[in-house]
Amino acid sequence: MKQSLNAKWIGAAVGLLLIVFCLVGWYWSMTPNTFSVKKRVTAQADQAAHLDVPGYTMTTSMIMVGEALLNKPGGYLSNDMLPPGVLMDNMPSWEFGVLEMTRDLALAMRKDFSRSQSQSIENPHIAKAVPQLNMDNQAWMFPAAESSYQKGIDLLYKYRAELVDSADGQSQFFTRADNLREWLKLVEKRLGSYSQRLSASVGSSRINTDLAGQRKARQTSPERQEKHVRTSWWKLDNVFYESRGASWALLHYLRAVEIEFADVLEDKNALVSLRQIIRELEATQQTVWSPMILNGDGFGMLANHSLVMANYISRANAALIELNELMNQG
């Protein structure tokens, strides 16, 4: 009797623990909502004049996205070593997507936005922030990933403080079309990669176009002219949520670009193109009503969430390429 009673208590305790883990995991899986960059930046500005300082909005958007990554429900989960965090993979994938877009922008800040010409000196705060943001996303100690990312955010705060200090003059931000174009090139390749990986949820044969347009070009390892590409069934949801996280971050960064580069975009007659990209990225953040990411085959009976996401990202990327062309025109 005692053994049977103990077994029941143990079973009940395990069952209760599993229910708690499921509820906590569900809460931690809630991604942050999109927000108005203009309203948030205005709320953070100490003075109204700061809103007109070049770079203030862009830097603040990076800070807000970084803080949302670290302070959302459950905090940063990619390096969790205990349940339920260690059992979750969708949210860590979302976090990695946000992180990748933030790293690209930080690199562009270091190479282009904070510098006037190729012979200019890089900003020391941004130069230190980039390696902090490039810490392994799964590092859990010595140092933990989130502590490294927080240091990067703190350095962005210092950079922003120097931007609004007109007497300092050490930190600069240049709203030049060529600087914006260099960052857009990084974003193009990032979105192109996501589009291909999402589309591969349905296996397809693809022609090798690696050397297209270059007669004398060579590559290290020759590949077949036609190859079958398919994303593993086990990684479909990971790719989906990584793309969703990257789109979430890029959406806010482009909203900041709309404010920062308003004069440049109007001069190039490119403001409408940017707004169309933002519209496509907003569509990627629609609620997923299905309890799991479905992978219907082509025109089959079930939906294919990956192909829907690939559609929005491909359209955004096509508009982004056109925007980059406009930036290149005189």
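The lining of the largest cavity comprises, by class, six nonpolar, two polar and no charged residues, where Ala, Val, Leu, Ile, Met, Phe, Trp, Tyr, Cys and Pro count as nonpolar, Asp, Glu, Lys and Arg as charged, and the others, Gly among them, as polar. The model is a predicted one, in which local features need pLDDT of at least 70 and side-chain atom pairs count only at pLDDT 80 or more, whereas totals for chains, interfaces and linings use all residues. Residues are numbered from 1 along each chain as its sequence is written, and side-chain values use heavy atoms, with hydrogens and water left out.

The residues that line this cavity are Gly-66, Leu-69, Leu-70, Leu-99, Thr-102, Leu-133, Tyr-149 and Ile-153. Two or more of the lining residues come from each of α3 (56-71), α4 and α6, and α3 gives the most, with three. Helices (H or I, at least four residues) are DSSP runs, numbered from the N terminus. The volume of the largest cavity is about 40 Å³, and the count comes to one cavity of 30 Å³ or more. On a 1 Å grid over the protein atoms alone, a cavity is a set of points where a 1.4 Å probe fits but cannot get out, while a pocket is an open set with protein on both sides within 12 Å along at least five of seven lines; lining residues have an atom within 4 Å of a point. Grid points are joined across faces, edges and corners, and a volume is the space filled by probe spheres set on the points.

The largest pocket holds about 990 Å³ of space. It is lined by 30 residues, of which Ser-29, Asn-90, Tyr-241, Val-288 and Ser-290 are the closest to its centre. At least two lining residues are supplied by each of α1 (2-28), α4 (90-113) and α8 (236-260), with α8 giving the most, five residues. The lining of the largest pocket divides into 16 nonpolar, 11 polar and three charged residues.

The structure holds 11 salt bridges, each a side-chain nitrogen of Lys or Arg within 4 Å of a carboxyl oxygen of Asp or Glu. In the salt bridge between Glu-95 and Lys-72, the closest N and O atoms are 2.5 Å apart. Glu-95 belongs to helix α4 and Lys-72 to the loop between α3 and α4, so the pair ties together parts 23 residues apart in sequence. Glu-95 is buried at 0% relative accessibility, and Lys-72 is buried with a relative accessible area of 6% (buried means under 20%, exposed over 50%, partly exposed in between; 1.4 Å probe, protein chains only).

Glu-258 forms a salt bridge with Arg-275, the closest N and O atoms lying 2.8 Å apart. This pair links helix α8, which holds Glu-258, to helix α10 (residues 271-283), which holds Arg-275, across 17 residues. Both partners are partly exposed, Glu-258 at 22% and Arg-275 at 45%. Salt bridges with shared partners also join Glu-100, Arg-103, Asp-104 and Arg-190 into one network.

On the surface, Met-81, Leu-82, Trp-140, Met-141 and Phe-142 form a nonpolar patch with about 640 Å² of accessible area together. Patches are made of residues with over 30% relative accessible area and no salt bridge, like charges being joined within 9 Å and nonpolar side chains (Val, Leu, Ile, Met, Phe, Trp, Tyr) within 5 Å; accessible areas come from the Shrake-Rupley method with a 1.4 Å probe, and for residues only the protein chains shown count as cover. Trp-140 lies in the loop between α5 (124-133) and α6 (145-164) and is partly exposed, at 48% relative accessibility. Trp-140 and Met-81 are 59 residues apart in sequence and 7.9 Å apart in space, C-alpha to C-alpha.
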